[in-house]
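Welcome! Please take a look at the structure below, and then we will walk through some of its features together.

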Amino acid sequence: MRFGSHYTPFGYSHLQPVSVFSTYASDEELIGTQHIICVQANGDIYEYWWERNGVWNFSNLSEKVGGIKLLGPAFGYSHPDRTQHVIGRGQDGSIYELWWRIGGGWRKNNLSERLGGIKFASDPIGYVHTDESQHIIGRLNNGKIQEFYWKRNQGWRKNNLSDDIGGLQIIGRPHGYSHPDGTQHVIARDRQGNIHELWWKRNLGWKHNNLSNRLGGVRFVSDPIGYVHTDESQHIIGRLSNGKIQEFYWKRNQGWRKNNLSDDVNGLQIIGRPYGYSHPDGTQHVIARDQEGDVHELWWKRNRGWKHNNLSNRLEGEKFTTDPVGYVHTDQSQHIVGKLKNGNGRVQEFYWRRNIGWSSNNISDSITPGVRVLGDCKGYKGAITKGIWRALDILDDTITDLKLRNCIRDRLTDPNVLVKCSDCPDLGHNSELVILSINSKHIHICINRINEILLDARFGIAEVVLHEFAHSCGWEHNGGQGVPFNDGESI
Ligand SMILES: [Zn+2]
């Protein structure tokens with residue numbers, strides 16, 4: 001998966017949804033949780049995780065393991081032994097594993113250091129094989145495909161896959177998956193756009209297959225993504241130079257064939273890298289983004305073929321600015337995640353439930369960019385969270401002093417800053433939203449008249465948030481610098 005600029009000045013605004021996983025382990029503490037892993041512009045790894053009570057939570061994994069910064073997208077998966085794993089490439093190309101176990105929290109492991117200093121030139125992906133071994137795949141500087149693998153009682157080892165099959169050189173980010181028949185598959189694209197399959201079978205080792213050569217010279221301009229369907233067929237999805245979505249698929253006793261999915265659905269043209277996954281109900285799903293950012297779903301059912309669905313049109317016109325990724329949760333709901341276009345980095349989710357269909361949810365709006373809002377604020381927590389996000393949106397155009405602006409931004413995105421809602425009945429002036437403590441990391445928002453604020457067209461919670469956060473940075477009334485309600489009396 002490739003994404004645009006990782007180097008942007010404001011960390012909060014460029015969350016990059018890069019990998020999603022839905023944990024399926026049987027343990028009470030783990031069953032049915034969902035996890036979305038994003039890498040922030042400053043390299044921090046953000047985890048959004050969902051509990052069965054329906055609440056999204058947030059953790060900064062980088063902070064939890066002592067400050068690892070990543071260069072690009074991370075990748076996450078869960079293991080049947082009830083551990084979770086997040087892998088990524090550090091800023092020097094070293095491959096890190098962050099792993100989590102019940103009662104142990106998150107830990108880190110520098111795999112490159114353990115394995116002779118091998119560094120990657122691509123962001124890694126990982127998968128768990130049927131024998132419960134773990135596999136991390138990436139590209140080296142010389143274009144070769146490198147594997148790090150883990151087996152119980154053996155720990156991590158390394159293997160250069162390209163060297164096993166005559167030195168294949170690739171570009172981009174390879175992908176890999178495990179098949180229930182005990183084979184493993186790594187797919188990648190070479191400089192000409194040919195799609196290669198490397199496959200592994202016990203006692204046979206790795207074999208190589210140039211799928212483009214077999215299938216009439218069809219070449220991809222995006223990195224390929226592969227998945228295994230419920231009928232054990234294999235599917236590789238990518239984008240052609242004309243913007244259409246191409247599928248290569250494999251069935252037992254039939255071998256590899258090809259199908260142009262866009263031609264099946266009136267010629268849909270996309271940008272970026274399409275993504276595919278299989279649903280336990282026997283349907284298949286391919287998701288992609290077009291030039292305007294509309295998110296499209298192509299879905300397949302036996303005897304019905306491929307159908308097309310413009311999800312953005314269905315869901316209030318919400319568009320993505322990153323390639324969508326999707327997964328099926330343990331409750332068989334489907335989830336498509338991406339960064340919202342014009343959304344200041346907010347993570348958007350489209351989700352599907354049987355008999356209900358598709359709905360939309362902004363995950364960021366339900367949690368905050370950093371600060372923690374304590375309690376439910378008499379039911380206004382959601383409105384205050386939205387106000388905090390909007391405060392970030394309007395910060396640059398509102399606060400004229402650079403130093404104050406940076407201080408407010410740092411605080412809005414700092415998980416150690418706590419926002420408390422209070423009734424503030426005994427404050428001396430006619431303001432329902434007032435600062436109680438200056439230069440502290442506790443910011444109080446008075447909510448006794450918040451409903452009036454929500455109804456008043458002249459100002460919103462965002463302006464109030466900027467005012468109170470400005471106080472916490474040392475600003476005082478009549479200090480100007482663009483702070484809303486400069487005299488402290490206008491509300
Ligand atoms: Zn004030």
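## A strand pair to start with

Strand β14 (residues 184–189) and strand β15 (residues 195–201) run antiparallel and are joined by six bridges. Two strands count as paired if DSSP finds at least two bridges between them. Helices (H or I, at least four residues) and strands (E, at least two) are DSSP runs, numbered from the N terminus.

Before going on, please note that this is a predicted model, in which local features need pLDDT of at least 70, side-chain atom pairs count only at pLDDT 80 or more, and totals for chains, interfaces and linings use all residues. Residues are numbered from 1 along each chain as its sequence is written.

## The sheet around it

In general, strands of a sheet pair through backbone hydrogen bonds, either parallel or antiparallel. Here, four strands in the order β13-β14-β15-β16 make an open sheet with antiparallel pairing. β13 (171–178) and β16 (205–210) are at the edges with a single partner strand each, so one side of each has no neighbour in the sheet. From one strand to the next, the twist averages 20°.

Helix α8 (residues 402–412) packs against helix α10 (residues 461–472) at about 105°, and their axes are 9 Å apart. Axes are lines fitted to C-alpha atoms, for helices over the stretch in contact, and angles run from 0 to 180 degrees between N-to-C directions. α8 and α10 are therefore roughly perpendicular (65 to 115 degrees) to each other. On the α8 side the contact is made by L404, I408, R411 and L412, and on the α10 side by L466, F469, A470 and S472. Residues are in contact if their C-beta atoms, placed from the backbone, lie within 7 Å.

Helix α7 (residues 381–398) also meets α10: their axes come within 7 Å and cross at roughly 70°. That makes α7 roughly perpendicular to α10. Residues of α7 including A383, I384 and G387 meet I461, A462, V465 and L466 in α10.

## The whole protein

How many helices and strands does the protein have? There are 10 helices and 31 strands. The C-alpha atoms fill a box of roughly 80 × 50 × 40 Å along the principal axes.

Of the 491 residues, 40% are buried, meaning that 20 or more other C-beta atoms, placed from the backbone, lie within 10 Å of a residue's own. Among contacts between residues at least 6 apart in sequence, 52% join residues at least 24 apart.

How values were computed:
Buried ≥ 20, exposed ≤ 12 C-beta atoms within 10 Å, placed from the backbone. Contact = placed C-beta atoms within 7 Å. Parallel < 35°, antiparallel > 145°, perpendicular 65-115°, else oblique.
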